[in-house]
There are 2 protein chains.
Amino acid sequence: MKLEDKISPSFKNIRMSPIVTISELVKKKAPEFKAKTGRDFVCWQRGEVDFPTPAYIKTAALEALEANKTKYPISGGEPKPKEAILKRLERVYGARGLDADHIVITFAAQEALELSFGLFRGKKGAGFAPCWSCALENFIPYAEIDFTEVPLKKDFSIDYDILKKILDEPGMSLFYLNTPHNPTGKVFSKAEITRVAEMCKEREVCLISDEAYETIVYDGQKHFSASSIDLDNIISTFTLSKSYSMTGWRLGYAVTRNKEIARLLKLGNYTQTAGVYTFGQYALEQAISNVHEEQKAVSAMVAGFARRREVLYAGLSRINGLTIDKPGGAFYMFPNFSNLIPKNLTGEERNKFIFNRLMNVGVATVYGSCFGRHFGDNVRVSFSTTPVPVIEDGIARVTEALKGLG
Amino acid sequence: MKLEDKISPSFKNIRMSPIVTISELVKKKAPEFKAKTGRDFVCWQRGEVDFPTPAYIKTAALEALEANKTKYPISGGEPKPKEAILKRLERVYGARGLDADHIVITFAAQEALELSFGLFRGKKGAGFAPCWSCALENFIPYAEIDFTEVPLKKDFSIDYDILKKILDEPGMSLFYLNTPHNPTGKVFSKAEITRVAEMCKEREVCLISDEAYETIVYDGQKHFSASSIDLDNIISTFTLSKSYSMTGWRLGYAVTRNKEIARLLKLGNYTQTAGVYTFGQYALEQAISNVHEEQKAVSAMVAGFARRREVLYAGLSRINGLTIDKPGGAFYMFPNFSNLIPKNLTGEERNKFIFNRLMNVGVATVYGSCFGRHFGDNVRVSFSTTPVPVIEDGIARVTEALKGLG
């Protein structure tokens with residue numbers, strides 16, 4: 001038997017992110033497009049954040065380095081950063097009754113989520129569709145989860161009948177909830193999240209609550225964190241990547257009231273990486289404890305996103321035949337193009353119809369089928385890296401590209 | 001079914017490192033010991049390094065932070081750090097014919113090794129005994145590997161007959177080799193490593209070559225890197241943790257001439273952590289490219305270890321009945337106490353007999369059964385954190401504690 005044939009399906013089933021593939025396509029097409037039109041690509045496909053990391057957090061990293069926080073970390077997290085996380089969860093979400101043994105510091109939410117899916121290797125899982133592509137392409141195949149998508153309604157509200165039916169399946173072990181939601185920007189309410197958590201608890205299903213966009217909410221809305229629910233079947237995962245513009249730092253954490261699960265996540269984190277780089281943990285501590293600097297930096301960033309959201313939403317809403325919900329959080333919109341796609345198209349041709357049209361005018365997006373089986377006529381538009389003038393240019397191009405359709 | 005009962009054995013089978021357990025025991029016993037004797041514990045159990053991270057590497061991290069290398073890393077590794085790795089492998093080991101697609105930058109050797117074992121989830125594997133405890137306690141159970149220990153001879157040389165017999169087992173998929181070797185300090189020769197690699201290749205077995213102690217060798221010996229062998233069944237893993245005194249930075253890399261394996265390791269790295277923190281990759285680049293500073297820092301550190309090794313080896317050699325090999329590399333010795341342990345003792349009582357005697361005089365070591373089934377009468381002594389005067393004190397205590405035995 002060849003060596004390659006001995007490799008586990010766990011690795012072989014991982015797919016490269018379609019978003020990376022799209023970005024590579026953009027890189028290839030951009031020079032040609034520029035030569036022909038004199039214009040740059042509008043990069044609405046990316047989840048990167050274009051704001052710099054706030055200076056106070058960089059300073060904290062420097063200070064930790066100078067203080068020689070460069071020896072092996074305590075796996076699962078150093079005491080002081082954990083203490084800061086507990087304080088923050090209480091301050092921001094009113095989460096009480098948590099202690100240091102409920103927290104595991106991880107390499108961003110990525111590792112927290114990967115470990116959480118991994119706990120249920122080979123078991124049945126479910127989650128709302130549309131679903132963050134990285135869960136579908138990476139976490140689920142890597143953990144060999146038998147995954148069922150629970151479609152949200154057209155307005156992205158929850159269909160509890162379908163949810164109940166799928167959670168009732170024998171052997172169901174995990175449910176993946178992401179709020180604020182990628183790709184729709186929906187902010188699930190306290191009532192929705194609590195009801196889902198209780199439905200999971202009744203069936204001893206683990207609720208994996210991905211709260212990566214926790215600070216990015218609009219119009220006075222507030223993110224509700226599942227970590228504040230007093231149930232032992234929940235893992236909440238957090239990252240500084242989006243909320244503090246720290247994508248390249250790889251800093252985050254998992255919170256669960258189930259100490260056995262926390263213990264196993266910590267062992268998994270130790271096994272995979274031996275813990276998060278020590279001075280990074282102290283940068284995390286400062287990022288979330290220096291409340292004055294934190295609020296200044298985060299509110300400036302969110303105000304920036306809010307301006308882009310207004311312009312993008314207003315512009316896309318004006319396009320005939322396109323239906324769109326105004327997102328409550330994150331930095332995505334997920335408009336539906338059903339009325340503009342020729343009825344006879346099916347399969348790959350249908351999935352990429354709008355995407356290709358927009359690529360032709362130098363606008364990169366992510367087509368809906370990257371987020372599962374149920375929203376193939378939608379397209380994700382990210383406003384995380386494009387300032388207002390670029391958004392205005394993008395809207396003009398999209399409007400032009402869709403003229404005469406539907 | 002309870003939620004906890006749905007959790008995969010992969011996580012449940014991980015064991016906490018016995019070395020961590022020993023360190024916790026030391027922490028508990030130390031105050032009492034100090035009160036009674038006025039003396040501190042001699043910590044010979046640890047693999048931490050007590051030298052600080054060289055200043056030029058800290059400066060490189062600061063510069064990368066200032067240059068805002070804080071956005072998402074390219075998963076698998078940024079181009080410039082990869083280029084630096086390729087240059088170093090050629091400069092130090094004469095490794096030719098490698099390119100960027102053969103390199104995956106990881107969270108230290110820990111992640112590189114965990115991913116490499118993970119590739120062969122559920123398959124048969126083997127490795128020399130004694131064996132680094134973390135492989136036995138973490139990587140092997142996490143990947144659910146059916147693992148066979150191949151005992152080294154008493155002088156830590158390879159018994160090729162046993163090796164052949166075990167590699168011939170149907171379904172054998174990986175062989176774990178660690179050089180310079182933890183816990184014995186043995187430096188495997190070019191001839192030994194090449195022969196093992198070829199025996200693996202003949203059977204399409206993946207050789208996982210753990211080279212964590214590559215720069216720590218004595219008496220003019222040179223580490224031979226399996227990455228320089230032109231075979232496609234080898235994964236070499238490297239870390240800056242020990243070699244550059246950077247345990248808390250979590251920076252390392254995997255090298256393999258098999259592009260399919262490199263591709264899958266990269267996907268695994270992306271899935272687990274989305275890549276190594278960006279400014280850390282640039283610190284790694286500088287650590288290994290600034291040859292002048294590197295040689296100054298590494299040679300000072302290795303000279304420090306060499307002095308400790310002379311004192312420790314001379315002292316332990318003088319103890320009657322103890323047999324000991326002078327280590328060629330790393331910072332461990334693995335003396336055998338068979339002649340000093342009462343013949344009638346068995347099981348746990350035998351395994352911990354010497355360890356307990358030494359704990360009673362305030363000397364912490366790691367008992368041999370932590371490194372597998374075959375060297376239960378040995379004990380690992382680490383000189384990575386104890387300066388010469390502490391080593392001298394330790395030798396005096398050990399000599400006293402063993403008096404009258406055998």
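Author: B:Lys123 touches A:Lys6, B:Glu144, B:Ile145, B:Asp146 and B:Ser173, leaving out residues up to four places away in sequence; contact here means heavy atoms within 4.5 Å. This is a predicted model, in which local features need pLDDT of at least 70 and side-chain atom pairs count only at pLDDT 80 or more, while totals for chains, interfaces and linings use all residues. Residues are numbered from 1 along each chain as its sequence is written, chains are lettered from A and ligands numbered from 1 in the order in which they are written, and side-chain values use heavy atoms, with hydrogens and water left out.

The place of B:Lys123 is the loop between helix H5 (108-118) and strand E3 (124-129) of chain B. Helices (H or I, at least four residues) and strands (E, at least two) are DSSP runs, numbered from the N terminus. With a relative accessible area of 25%, B:Lys123 is partly exposed; buried means under 20% relative accessible area, exposed over 50%, and partly exposed in between (1.4 Å probe, protein chains only). A polar atom of the B:Lys123 side chain lies 3.3 Å from the backbone oxygen of A:Lys6.

Together with A:Leu3 and A:Phe11, A:Lys6 supplies 12% of the area that chain A buries against chain B, more than any other three residues.

The arrangement of the chains comes next. The same surface serves both copies, since 100% of the contact residues of chain A recur in chain B.

Helix H3 (55-66) of chain B is also part of this picture. Among its buried residues are B:Tyr56, B:Ala60, B:Leu62 and B:Leu65. The buried residues of H3(B) pack against helix H3 (55-66) of chain A, together with helix H10 (278-289) and helix H11 (291-317) of chain B.

In the loop between strand E1 (42-43) and H3 of chain B stands B:Thr53, which is buried, with a relative accessible area of 4%. Its contacts, apart from neighbours within four places in sequence, include A:Thr70 and B:Lys58. The side chains of B:Thr53 and B:Trp249 are joined by a polar contact of 3.2 Å, that is, a pair of N or O atoms within 3.5 Å; within protein, one must be able to donate a hydrogen and the other to accept it, and residues adjacent in sequence count only if both atoms are side-chain atoms. The B:Thr53 side chain also reaches the backbone oxygen of B:Ser245 at 2.8 Å.

As to confidence, chain A averages a pLDDT of 96, and 100% of its residues score at least 70; pLDDT is the predictor's confidence in each residue, from 0 to 100.

Methods: Buried area = accessible area lost by both parts, 1.4 Å probe.
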